[in-house]
Amino acid sequence: MELAAIFISAMLINNFVFYYFLGICPFLGVSKKIDSAFSMGLAVTFVMTLTAVVSWAINYWILIPYGLDYLQIVSFILVIASLVQLVEMFIRKISPPLYQAMGIYLPLITTNCAIMGLAIIAARKEYGLAETVIFGVGAGLGFTLAIVLMAGIREQLELADVPEALKGPGIALIIAGIMALAFMGFSGMIK
Amino acid sequence: MKDKGWVVSTKNDLAQIEVACLTDSCQKCAARNICAGNNQSKGLLTVKNPLNADSGDEVEIEIPDTKYNMALILLFGSLLAASLLGMGVGYVLSPLFPLSSQETSFFGLLFFLILAGIILWRHFQKKNKAHLYPVIIDIIKNEGSYNKKGGQ
């Protein structure tokens with residue numbers, strides 16, 4: 001039951017984009033088409049889950065026992081960069097056309113602060129392994145939901161008469177704000 | 001997703017094309033300067049060549065979105081599912097090993113992740129990869145043929 005609460009909380013209530021406002025760069029940059037947004041969301045979900053697991057292992061088996069907590073941020077940065085490189089190499093090896101099509105999204109994940117945020121928040125909350133993994137999956141799916149919803153709205157917005165001054169990031173940020181307010185409606189789900 | 005490029009070389013039913021910038025996805029991206037898709041660096045793409053375009057032709061290409069999304073779901077979805085399954089199996093089998101449940105869950109997760117990676121690798125090796133390549137859908141300028149005729 002607690003795992004379900006963590007999952008729903010990470011995906012809807014404490015959504016990384018709409019609650020923490022993390023990962024705004026890819027959220028605004030790759031949310032023009034639903035297909036691209038979905039690809040980005042899937043890749044981020046996978047990297048988030050993997051990062052959560054590896055950073056948990058490093059934190060609880062190396063940093064805390066040896067009193068190296070102050071190296072958390074540095075080690076998490078290294079973990080994220082290495083994992084993204086690993087995923088990039090893996091995709092390039094198994095399917096060059098997929099790698100070719102995904103080219104831009106993978107390097108963008110390295111600089112996605114939502115992933116760093118996930119590792120730090122999971123460490124602060126002192127989750128166990130199962131909780132950390134569920135937190136990572138929930139946060140990743142929450143990011144995917146947010147970016148795909150945004151892409152759907154922005155595709156429709158192409159047909160709307162938006163004032164010249166608000167076109168582009170302006171209207172996108174206004175929509176993000178309204179969506180964040182809408183997501184606040186989920187806050188009563190878990191007590 | 002559509003784009004334009006120039007054919008550099010052809011081999012069997014595939015062609016190498018040069019794209020100045022992936023216009024649909026990169027043109028307005030704020031991260032263009034840090035990735036390979038910027039204006040200065042021209043990218044080389046391998047594409048399917050059903051129209052038999054020649055070197056030098058300017059062509060329009062399209063990436064098959066549905067197949068591409070299915071491949072992504074298969075790739076990331078199965079890896080994620082394998083991770084969760086591995087964690088569960090590790091937890092269930094923890095009494096059999098002289099390790100804590102968290103340690104067995106972690107190693108179970110890693111084992112299943114690697115196993116899924118190997119299965120996926122074999123799957124993608126067996127399957128014809130060409131269905132995921134972008135396809136040339138139009139020859140905009142037939143420069144390749146023109147050059148050939150000019151050379152004769």
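Colleague: How many salt bridges are counted between chain B and chain A?

Modeller: This is a predicted model, where local features need pLDDT of at least 70 and side-chain atom pairs count only at pLDDT 80 or more, while totals for chains, interfaces and linings use all residues; side-chain values use heavy atoms, leaving out hydrogens and water. Residues are numbered from 1 along each chain as its sequence is written, with chains lettered from A and ligands numbered from 1 in the order in which they are written. Taking a salt bridge as a side-chain nitrogen of Lys or Arg within 4 Å of a carboxyl oxygen of Asp or Glu, the count between chain B and chain A is zero.

Colleague: What share of the area buried between chain B and chain A comes from carbon and sulfur atoms?

Modeller: Contact means heavy atoms within 4.5 Å, and 37 residues of chain B touch 37 residues of chain A. The buried area (accessible area, 1.4 Å probe, that two parts lose on being put together, summed over both) is about 3,400 Å². Carbon and sulfur atoms give 79%.

Colleague: How many polar residues does the contact of H3(A) with H4(A) have?

Modeller: H3(A) brings residues including A:Phe46, A:Leu50 and A:Asn59 against partners in H4(A), among them A:Phe76 and A:Val87. Nonpolar covers Ala, Val, Leu, Ile, Met, Phe, Trp, Tyr, Cys and Pro, charged covers Asp, Glu, Lys and Arg, and polar the others, Gly among them. The classes are twelve nonpolar, no charged and, for polar, five.

Colleague: Which hand does the crossing of H8(A) and H9(A) have?

Modeller: H8 (residues 129-157) and H9 (residues 169-183) of chain A have axes that come within 11 Å and cross at roughly 130 degrees. A crossing is left-handed if the near helix is turned anticlockwise from the far one by less than a right angle, and right-handed if clockwise. H8(A) passes H9(A) in a crossing that is right-handed.

Colleague: And which residues of H8(A) meet H7(A)?

Modeller: The axes of H7 (residues 113-124) of chain A and H8(A) come within 11 Å and cross at roughly 145 degrees. H7(A) contributes A:Leu118, A:Ile121 and A:Ala122, and H8(A) contributes A:Thr132, A:Phe135, A:Gly136 and A:Ala139.

Key
Axes fitted to C-alpha atoms, helices over the stretch in contact; angles between N-to-C directions. Helix = DSSP H or I, 4+ residues; strand = E, 2+ residues; numbered from the N terminus.
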